[in-house]
Amino acid sequence: FNSAAKRQTSFASVEPTPLVPDLERTVKTLDVPENDLEITTMRAGGAGGQNVNKVETAVRVVHSPTGISVKCTQERSQAANKRIALGLLKLKLLAILDEQRQSDLAA
């Protein structure tokens, strides 16, 4: 954003997330019902040749009850991007649950 609070042409939003060494095991502890998830696919865009323009490999996962969304375009396969996006979404949900737990303990 510039000094007039307007978004400029080139804009990047960065959200740091912690690295979890045992991501698979940590993510398996949280069960998210499939009907709470809205999963959409899209073309990844950017550099990458013909594959980027033809195949929908990017995945967006939205958790309907909370409105949290995660988009993944890292890998060349849709299945890998879906797995990564679901893992990131579960990490965000775990962070929210942890914050709630800490606030309950403080109260």
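This is a predicted model: local features need pLDDT of at least 70, side-chain atom pairs count only at pLDDT 80 or more; totals for chains, interfaces and linings use all residues.
Visitor: Why is Ile84 called buried?

Guide: Buried means under 20% relative accessible area. Ile84 has 18%, so Ile84 is buried. This residue lies in helix 3.

Visitor: What does Ile84 touch, leaving out residues up to four places away in sequence?

Guide: Ile84 touches Cys72, Gln74 and Glu75. From the C-alpha of Ile84 to that of Gln74 the separation is 8.6 Å in space, and the two are 10 residues apart in sequence.

Visitor: Why is His63 called buried?

Guide: The cut-off is under 20% relative accessible area. His63 has 8%, and therefore counts as buried. His63 is found in strand 2.

Visitor: Which residues are in contact with His63, leaving aside its neighbours within four places in sequence?

Guide: They are Val32, Asp36, Leu37, Ile68, Leu89 and Leu93.

Visitor: Why does Gly45 count as partly exposed?

Guide: Buried is under 20% and exposed is over 50%, with partly exposed in between. Gly45 stands at 40% relative accessibility, so Gly45 is partly exposed. Gly45 lies in the loop between strand 1 (37-42) and helix 2 (50-54). Its C-alpha is separated by 9.6 Å from that of Thr57, 12 residues apart along the chain.

Visitor: How do you know that the span of helix 3 is close to the expected one?

Guide: The expected span is 1.5 Å times one less than the number of residues. Helix 3 has 29 residues, for which 42 Å is expected, and its first and last C-alpha atoms are 42 Å apart.

Visitor: Which residues of helix 3 are buried?

Guide: Among them are Ala80, Asn81, Ala85, Gly87, Lys90 and Leu91. Ile84, Leu86, Leu89 and Leu93 are buried as well.

Visitor: What makes a set of residues a nonpolar core?

Guide: Its members are buried residues of kinds such as Ala, Val and Leu, joined through side-chain atoms within 4.5 Å. The largest nonpolar core here has 13 residues, and those that touch the most other members are Val32, Leu37, Val61, Ala85, Leu89 and Leu93. At least two residues of this core come from each of strand 2 (58-63), strand 3 (68-72) and helix 3 (78-106). Helix 3 gives the largest share, 5 residues.

Visitor: What does Leu37 touch, not counting residues up to four places away in sequence?

Guide: Leu37 touches Val32, Val61, Val62, His63, Leu86 and Leu89.

Methods. Residues are numbered from 1 along each chain as its sequence is written. Side-chain values use heavy atoms; hydrogens and water are left out. Buried means under 20% relative accessible area, exposed over 50%, partly exposed in between (1.4 Å probe, protein chains only). Helices (H or I, at least four residues) and strands (E, at least two) are DSSP runs, numbered from the N terminus. Contact means heavy atoms within 4.5 Å.
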